[in-house]
Amino acid sequence: MDRMTSSMKQVPNPLPKVLSRRGVGAGMEAAERESFERTQTVSINKAINTQEVAVKEKHARTCILGTHHEKGAQTFWSVVNRLPLSSNAVLCWKFCHVFHKLLRDGHPNVLKDSLRYKNELSDMSRMWGHLSEGYGQLCSIYLKLLRTKMEYHTKNPRFPGNLQMSDRQLDEAGESDVNNFFQLTVEMFDYLECELNLFQTVFNSLDMSRSVSVTTAGQCRLAPLIQVILDCSHLYDYTVKLLFKLHSCLPADTLQGHRDRFMEQFTKLKDLFYRSSNLQYFKRLIQIPQLPENPPNFLRASALSEHISPVVVIPAEASSPDSEPVLEKDDLMDMDASQQNSYDSKFDDIFGSSSSSDPFNFNSQNGVNKDEKDHLIDQLYREISGLKAQLENMKTESHRAMLQLKGRISELEAELAEQQHLRQQAADDSEFQRAELDELKKKREDTEKAQRSLTEIERKAQANEQRYSKLKEKYSELVQNHADLLRKNAEVTKQVSVARQAQADLEREKKELEDSFQRVSDQAQRKTQEQTEVLESLKQELATSKQELQIVQGSLESSAQVSVTCLSLPHSFPSLALVLLAPGIHHHEHMAHLGPIWDQCVLGKGQIPYGLVVGVDLWKGDSLILPATPSSHSVVLQSEAKWTAQIAELEKERGGLVEAMASREEELSTLRQQLEYTQIKLSSTEESVGRLAKDQRKMLLAESRRAAEQVVQEALRRFEEPALFSCAGSADHLLSKVRSVSSCIEQLEKCWSQYLACPEDISGLLHSVTLLAHLTSDTIVHGSTTCLRAPPEPADSLTEACKQYGRETLTYLSFLEEEGIVENADSTAMRSCLTRITAIGEELLPRGLDIKQEELGDLVDKEMAATSAAIETATARIEEMLSKSRAGDTGVKLEVNERILGSCTSLMQAIKVLIVASKELQREIVESGRGTASPKEFYAKNSRWTEGLISASKAVGWGATVMVDAADLVVQGRGKFEELMVCSHEIAASTAQLVAASKVKADKDSPNLAQLQQASRGVNQATAAVVASTISGKSQIEDTG
């Protein structure tokens, strides 16, 4: 084994040359590349599999050599991306192990090629983190470690993947800046924290009560820890050195957090190193260092000299966990029979034969004495001993020489194999150089060709860039216009909603005012009725008082008669009357004078007049009993008392009636004033409500008018927008819009007259204004789209007429703002513009639309026949062009022409099948829908549908003719491939129109309809084939040209 190692050391290693030569991707042979990728794929799939065993070192080493071979990890990632890492935890764990090895020992470009997958590793880590058992948490933590390692090496590119650096390189990594050293220490702490986390998690997942390190499952989990131990030893060493360097530059208090974190990681790492060194699996694979008993004292600068860097040793014979020990056994050098005979023959030649003639046969030498014989025997014995020693030396020397010769033979054989390998390598190099030379010649030709086409490409690129810039500007303008339109639409919608809300509020206020007015009216009516009733009662009371007053007056008159009667009595009666009527005399005084007079009257005459008796009776206020007189005297006194009481009572009632009458008159005047105030307030409220309603109607009308003007102005602005150039309109549709506008103008004038006659009804006017604005906008837009299909002169006239109509509409709408200028709102100008648009639109109508309805049936058959004839003619022309191309073209051009013309022929055949299916479906539709009428009558009855069929048929025939012309130009080399593709798309659209026109009246379960749809799909497939062949032919022509 040592000889083979020494011989291999003498042979110069050809691997770097091969790797450097194979690293040139452009010059790699296809066979070698395929062999390399196949080898790498097999090794990667063997290293990363679903078996719960440790990764074999030979497969991992093949992957590492592959990264050096291609100077990157493209092949590795291309294979790994096809593995189900997210569905199998063991597979993901072994992928992490292999990827960790590549980051440490692979080519430096492995990191660059792997950065693009960093986010995918993070997502996979989060996904596996949801599993709490098995390899889920292990994979999650390992993927976090790999991401941290990639980020660390990206931020610190001076650190190699295996972290092996000298002290000088470590100082250069910090660039002699304490801030950089500080940040670098923090990043190393984070890095080491991830390593220790994985270390601890793996140990926690193992059952240490059993010998898990000798099982395949345990080895599968422990195998990646070898890479972790290697990383941790370097990170620990660099951390200690950086902390001593930081303590020499910064205060100790500033680095307290660093020391605490280091102490925590030191304790963990020491424990994990100790536990790992006791595992049987690691004892034969790696020599794990032991950390010191106490951590370094960073506060003492001299402690740095006591620091010993931990060194991890991997024995050479145990570098692979799956390799078997190879034992070298020395060959046993035994002498064979021939060699033994040769030595015996030499001995006989020197000392003689051992036969009977042997001189040592002393029995036959009788003439020699015994002493001489003994001396001779001793001498011979000594010579024999010396010869035996020489023989042993010779054997030893020969054995040593034989071993040296065998070693030399082995060396020569190795040198011969090396020379053969070098000769083969030189031959391969020569062949490779020759291939490279041919490739370089070809590249030079390609470069010259590319240089020739570079100018053209740059010119095209510049033109494309200019077109792109223009399109981008137009697109930005369209986006801005679209945003403006959306904002305006939102504003208009908001204004309309506000107007509707205001109108609803106005209606609600109007209703409330009407209700309040009705309530006030009812209240006033009730008060008036109550006052009328009170007045009637007062009148009745007044009439009663008058009657009572008349009664009192009658009583007074009776009293006056009594007085007169008393005056006509004898001389005693006048005295009695005077006494009775004398004012200012007290009642007792009257009675004192009345007694004698009364006696005289009674004695003198004997009787008293009745009036006097009554007067006396009325005059008496008290129940006075006259002196003992006749009975008439008491009657007079009673009458006098009643009179007095009634007069007093009547006076009192009269005063009360006068006061009640005055109070009633005051209440009546107050109620009249309230009634007048209420009527005035009601009239003012009605006036304010009327003014508010009128202002609201004016505002709604003004807002509607402004919104209508904005819609019309927006339609006028859209004349110059390029977005309209992608669509086209028809004159028939434009004429229908003009008719709608005309009827809308009549309706608007009628609603305006109604509004002037009855301003309260404004809904019809607002609807008409809005409808006129939108119909006008549609008319202008359809007019502009109709111009796209019209000849230049009618198109210009139609454009000018549409613009003039828009301006006249704006003028008309401006006159609707005030009632005072309604006489100026004349729609004559608008009608004249619509008449002009109608005339131009009728000129632009297709000729088929002015045919009488009786001729539509014949025209359908004629157009279908003409379309079939056009297809037949196009097919014949394509066949003729194909024959000419085969006769005059060769090579690529002939191949391209045959492919394009063949696809065009297939398209014509598909269209022919479609037309036949369309005819059958139309015949079925006519037969099922005409009833007792003839087919012509059916076509005339459904004239719009018939005109659609005619238009679609004409479009199909016209498209076939145009496509054949375009194909002819392409075959001749004077046309553009794009025109042919456009024509094929036009035919597909025309056939789709024909299918739509045919199926609009068909039964959905009709077999002819299914056949027509199948034919339509055939046309679409044939169109796609034409486009594909055209694109392929174009690229093929450009490549060869």
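This is a predicted model: local features need pLDDT of at least 70, side-chain atom pairs count only at pLDDT 80 or more; totals for chains, interfaces and linings use all residues.

Trainee: How many residues are in the largest nonpolar core?
Mentor: The largest nonpolar core has 92 residues. A nonpolar core is a set of buried Ala, Val, Leu, Ile, Met, Phe, Trp, Tyr and Cys residues joined through side-chain atoms within 4.5 Å. Buried means under 20% relative accessible area, exposed means over 50%, and partly exposed lies in between, with a 1.4 Å probe and protein chains only.

Trainee: Which helix gives the most to this core?
Mentor: Helix α13 (residues 225-247) gives the most, with 14 residues. Helices here are DSSP runs of H or I with at least four residues, numbered from the N terminus.

Trainee: What is the span of α13, and how many of its residues are buried?
Mentor: The 23 residues of α13 reach 32 Å from the first C-alpha to the last, close to the 33 Å expected at 1.5 Å a residue. The expected span is 1.5 Å times one less than the number of residues. In α13, 22 of the 23 residues are buried, so the helix is largely enclosed by the rest of the structure.

Trainee: Which residues have the most contacts inside the largest core?
Mentor: They are Ile48, Phe76, Phe95, Phe99 and Phe159. Leaving aside neighbours within four places in sequence, Phe95 is in contact (heavy atoms within 4.5 Å) with Ile48, Phe76, Trp77, Val80, Leu85, Leu121 and Leu143. A second, separate core of 50 residues includes Ile878, Ile900, Leu921 and Val926.

Trainee: Turning to the rings, how many aromatic pairs are there?
Mentor: The structure holds 19 aromatic pairs. Rings of Phe, Tyr and Trp (its six-membered ring) pair if their centres lie within 6.5 Å; planes under 30 degrees apart count as stacked, over 60 as edge-to-face and the rest as tilted.

Trainee: How are Trp77 and Phe99 arranged, stacked or edge-to-face?
Mentor: Trp77 and Phe99 are edge-to-face, at 5.2 Å centre to centre with 70 degrees between the planes. This pair links distant parts of the chain, with Trp77 in helix α5 (residues 74-80) and Phe99 in helix α6 (residues 89-105), 22 residues apart. Both Trp77 and Phe99 are buried.

Trainee: And why is the pair of Phe95 and Phe99 described as stacked?
Mentor: The ring centres of Phe95 and Phe99 are 5.8 Å apart and their planes are at 5 degrees, so the pair is stacked. Phe95 and Phe99 are four residues apart in helix α6, a separation of about one helical turn. Ring pairs link Phe76, Trp77, Phe95, Phe99 and Tyr117 into a cluster.

Trainee: Changing topic, how many salt bridges are there?
Mentor: The structure holds 29 salt bridges, each a side-chain nitrogen of Lys or Arg within 4 Å of a carboxyl oxygen of Asp or Glu. One of them joins Asp123 to Arg126, with the closest N and O atoms 2.2 Å apart. Asp123 and Arg126 both lie in helix α8 (residues 118-128), three residues apart. Asp123 is partly exposed at 42%, whereas Arg126 is exposed at 53%.

Trainee: Which residues are linked in a network of salt bridges?
Mentor: Arg33, Glu37 and Glu70 are linked in this way.

Trainee: Lastly, is Ser1006 buried or exposed?
Mentor: Ser1006 is buried, at 4% relative accessibility, and is placed in the loop between α30 (977-999) and α31 (1007-1040). A polar contact of 2.8 Å joins the side chains of Ser1006 and Glu924. A polar contact is a pair of N or O atoms within 3.5 Å; within protein, one must be able to donate a hydrogen and the other to accept it, and residues adjacent in sequence count only if both atoms are side-chain atoms.

Trainee: And where does Gln674 lie?
Mentor: Gln674 lies in helix α21 (residues 631-717). The C-alpha atoms of Gln674 and Lys527, 147 residues apart along the chain, are separated by 9.9 Å.

Definitions and conventions
Residues are numbered from 1 along each chain as its sequence is written. Side-chain values use heavy atoms; hydrogens and water are left out. Helices (H or I, at least four residues) and strands (E, at least two) are DSSP runs, numbered from the N terminus.
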